[in-house]
Every structure is written in structure tokens, then in C-alpha cells.
Amino acid sequence: MKYITLDGIVRSLLNQKQLPIHYYMRFLKYAADGYRELHFDSLKNIRAVKLPLTDYKAVQLPCDFVDLLKVGVATGQYVQPFVMRNGINRLNNLDASGNPTTYGSPTQSTSDYAAFGGWDWFTNHFNDYGEATGRYFGLGVGSQRDTFKLIPERNEIQFSEDIQATEVILEYIGDGTCCDSATSIHPYAQKAIEAYADWMYKKHSKSFGLGDEQVAEREFVNQNRKLRARLNGMTMEDIRRSVDSGYLASVKI
Amino acid sequence: MTTLYKLTEQVRSILAGGDPDQGDPIDMQEAKAVVVQILNSLLKTEHFQVNLGSGEMTPNGLVLASYDGVAVSSYKNVAKCTLPAIPVHLPLNMGVFHISKTDDIHNPFIPIQNGLTPMLAAEPLISDLLGQVGYEVFGKDVVFNRDITADSPAITSVFIRLVVVDPANYSDYDIVPIPPEMEIEVIKQAVGLLAGQKDPDKLDDVITDNQKRTA
């Protein structure tokens with residue numbers, strides 16, 4: 001895929017404005033800030049990593065983590081996502097040495113409510129032929145094991161201690177400041193980054209008035225809108241597939 | 001088109017009211033020094049009034065002096081070199097117009113405003129200036145952002161362009177790269193500065209004059 005570099009964008013902007021190289025440092029800072037801002041909403045530097053679970057069923061967040069998109073386990077070529085559960089304790093349980101450890105199943109004396117870790121095996125749900133007969137009256141699906149909670153102050157994601165997986169797949173939005181970010185910028189973003197740098201230049205310069213700054217800001221908003229439109233990959237087929245997915249086969253009477 | 005010698009000679013002729021004789025109080029070297037100082041002053045004035053007035057930030061190419069093979073030495077944990085001349089003072093240190101490797105003059109190093117290197121180091125994406133060499137100017141020293149003498153290949157000399165008319169670069173008969181319209185202004189200002197010289201002694205005595213100068 002073709003990319004452009006931050007250096008190329010800055011030099012292009014200096015060329016447009018007929019400014020000498022002495023302005024490079026200033027515009028480089030503005031362009032880097034613009035690139036970071038665009039990452040949060042428009043460019044969305046989506047990264048995916050496979051992370052091992054600790055003994056107490058948590059994973060460490062990557063250093064460039066900004067926001068979570070999906071976390072789950074690999075199921076063939078797909079990722080089965082986990083679900084956020086707010087009831088998970090934010091605090092680590094510590095052992096006698098002060099190391100984090102699991103909480104384990106709560107006993108009657110240590111909890112107010114018995115935990116629903118799963119459902120028991122009752123023989124009256126199967127007939128003599130081994131066929132399931134159902135009759136799981138009252139069984140609900142609200143209490144599941146595949147849950148997690150994002151805990152920013154620990155820089156971790158804590159999972160339910162019942163999960164059996166040893167690795168999880170984390171998809172997240174990065175802040176775009178990894179080592180190859182400056183040389184791997186989507187070409188669609190060039191005008192938006194240039195417009196942001198121009199806006200910041202006019203905002204922080206005494207040579208321009210409020211009106212110039214506001215015009216530059218509007219130009220950036222316009223370029224950002226065009227960037228999002230260009231990156232929006234929705235097609236007619238996507239819309240039709242989405243509508244068609246609501247139709248299911250039914251009994252013909 | 002003119003030379004330093006021609007400009008100086010014109011100044012002396014006007015002051016002497018004709019061809020200056022041996023007893024003329026205005027020394028050739030003294031007049032030439034004044035002419036050079038006025039030239040540099042007018043270059044800065046022209047940049048602010050003509051260039052900036054029309055929205056152009058780049059100094060006129062006529063006023064750039066080139067210096068090749070300026071030595072670079074290791075300095076603390078970075079490197080530095082010494083400016084061969086003190087340039088005209090312009091915003092953003094534009095007086096130091098260009099520094100690059102001697103064999104790659106189309107890839108200039110990046111000028112950094114004084115004191116901004118620590119702020120730059122805190123920026124995660126651009127802390128190393130995207131791999132480029134940056135420099136700050138402190139007085140007559142140019143300090144680079146890393147030790148370029150330890151690079152591979154090592155950079156031990158640089159090519160520098162300064163905004164200055166450096167008399168060391170021009171002999172009496174080299175054409176001085178100044179705009180023709182500036183010549184008369186140089187002469188006027190030099191005459192104005194030197195017109196207040198003391199009247200010479202009536203006696204044309206070279207030995208006494210020399211004694212007075214060395215006293």
C-alpha cells in the first residue's frame with residue numbers, strides 16, 4: 001500500500017507557503033499533533049495484538065493503547081468477543097507475599113450472594129438414549145464467563161477468572177506514535193494534516209488575526225470531513241447485506 | 001556591478017572633493033571597513049522592508065556567503081562547529097541560512113530554535129527529528145542535536161551559507177554581490193559617516209602622520 005511520510009507533508013506545506021527550512025521544526029510539531037488528533041477519530045490506527053494472560057487472568061495494556069475496540073479469543077480465523085462486565089473487582093487480590101493472585105470462588109461466609117459459575121449436571125435432562133430433553137426452566141443467559149473489565153489505573157484488562165483461555169486477541173485504537181507511524185501515513189490524510197498545521201501556525205502566530213485563524217480552522221474541519229468520507233468504505237452491497245441479514249427462513253404454511 | 005575597492009574609492013573621492021592625495025585623512029582600509037558595515041546594515045534593512053513587506057521570508061540569494069569544509073568537532077555528547085563569520089541577525093536565526101554535509105548540499109540540516117531541543121526530546125513521534133540532523137546557534141557556535149562525528153559515515157566537516165557580506169571573501173577586484181540600486185545608498189551613508197573627520201595638517205608630512213597614528 002502506498003504511504004506518505006510526515007517529513008513529506010511538512011516539506012509540501014513549506015513549499016506551498018514559500019517558507020524556508022527554518023520553519024520546518026515548527027510545522028513538524030503541528031503536523032505531528034494533527035496526525036495524533038486524526039488518529040483518535042478519523043484515521044483510527046487500529047492495532048491488534050495477541051496477549052498472554054497472567055496467573056490472575058489479566059493482560060497488560062500495550063504502551064500505545066488509547067481505546068478498546070474488541071477483545072476476545074481466537075476461534076479458527078474469527079475472534080469471539082468478550083463482553084464488558086462492570087461487576088469485576090477493580091482491585092487485585094494479593095497473596096501473603098504481596099503478589100497479585102486470583103480471588104477464587106466465594107464461600108458462603110465471604111459473600112452475600114452465591115456465585116453462578118455455571119450450571120450443574122442433572123441426570124433428568126437426558127433420557128435413557130442420551131438425548132437431551134431440555135427442561136432447563138429458569139436458566140438464564142445473563143451470567144456468562146466470557147466477561148472482562150478495562151481497568152486503566154492498573155493498565156490492565158481483568159477477565160473473569162473462569163475463562164480457560166491462555167491468550168486473548170486485543171484490537172484497539174493506538175495513538176499513532178509507534179516507530180513507523182511517521183513514515184506510514186495514509187495519503188488521504190495529507191490535506192487534513194496540512195490544514196491542521198496551517199491552523200495551528202495561524203493560531204500561535206502574532207502575524208495573523210482571529211479571522212485568519214477561524215478561516216483556517218474551518219478549512220481543517222472541511223478537510224477532516226472529506227477524509228472521513230474517503231475512508232468510509234461502505235458500499236451498496238454492504239447496505240443490502242445488512243438489510244438481507246434481517247430475513248430468516250421460516251415455515252411455509 | 002561594483003567592487004569593494006571601487007565603492008571605497010568613490011567615497012574617498014567625494015570626501016576629498018576630487019582625487020584624494022597622500023595627505024587625505026580617510027584611510028583606504030578604514031573607509032573599506034565602513035563600507036562593509038553599511039552594506040551588512042542595508043542587507044538587513046532590505047530584508048525587512050522589501051522581503052517581509054511583500055510577504056517573502058527567504059533572504060535574497062545575492063547576500064549569501066558560502067563556506068565549505070567547516071570543521072565539526074565532538075562536544076560533550078553532541079557535536080559543534082564554529083561559524084566562519086557572524087551573519088546578519090534575522091528572525092529564527094535565518095542569518096545562518098543553510099548547513100549541510102559537504103557532499104550533499106541539497107539536504108540541509110534542520111534549524112531548531114534555541115532551547116527547543118529538550119522540548120523536542122519529549123515528543124514521542126518526532127523526538128529524533130525523523131532521523132535528520134538538527135542544529136541550534138549559540139553565539140558563534142553551531143551545536144548539533146547529536147554527535148554527527150560518530151555517524152557512519154562520520155560527518156567531520158559541513159557546508160555553511162550565511163547571510164553576510166564578508167570582506168574576507170572578496171578581494172579588491174572581486175564583484176561584490178549587492179543589488180546595483182544599493183550602491184548609491186552605500187556611498188551616501190559612508191560619506192555621511194566619514195564627513196566629520198578632522199581637517200588634516202597643512203604640512204604634508206608622512207612621517208608625522210604615521211607617528212600620530214601609532215601614538
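**Backbone, interface, cores**

Let me start with one residue: at 28% relative accessibility, B:Asn93 counts as partly exposed, where buried means under 20% relative accessible area, exposed over 50%, and partly exposed in between, with a 1.4 Å probe and protein chains only. B:Asn93 is not a glycine, yet its phi is positive, about 55°. It lies in the loop between β2 (78–82) and β3 of chain B. Helices (H or I, at least four residues) and strands (E, at least two) are DSSP runs, numbered from the N terminus.

Some ground rules. This is a predicted model, so local features need pLDDT of at least 70 and side-chain atom pairs count only at pLDDT 80 or more, while totals for chains, interfaces and linings use all residues. Residues are numbered from 1 along each chain as its sequence is written, chains are lettered from A and ligands numbered from 1 in the order in which they are written, and side-chain values use heavy atoms, with hydrogens and water left out.

Chain A has a positive phi too. A:Gln18, not a glycine, sits at about 60°. Its place is the loop between α1 and α2 of chain A. A:Gln18 counts as partly exposed because its relative accessibility is 47%.

One more backbone point. The peptide bond from B:Ser152 to B:Pro153 is cis, omega near 0°. B:Pro153 is in the loop between β6 (141–144) and β7 (157–163) of chain B.

Now the interface. How many residues does the contact take from chain B and from chain A? Chain B gives 23 and chain A gives 22, with contact meaning heavy atoms within 4.5 Å. The two chains bury about 1800 Å² between them, 71% of it on carbon and sulfur atoms. Buried area is the accessible area (1.4 Å probe) that two parts lose on being put together, summed over both.

The rule finds one salt bridge across this interface: a side-chain nitrogen of Lys or Arg within 4 Å of a carboxyl oxygen of Asp or Glu. B:Glu123 pairs with A:Lys29, closest N and O atoms 2.7 Å apart. On the side of chain B that touches chain A, β3 (96–101) and β4 (110–111) of chain B are the elements that give two or more residues.

Last, the cores. A nonpolar core is a set of buried Ala, Val, Leu, Ile, Met, Phe, Trp, Tyr and Cys residues joined through side-chain atoms within 4.5 Å. The largest has 69 residues; A:Leu6, A:Tyr23, A:Phe27 and B:Leu39 have the most contacts inside it. Its largest share, nine residues, comes from α2(A).
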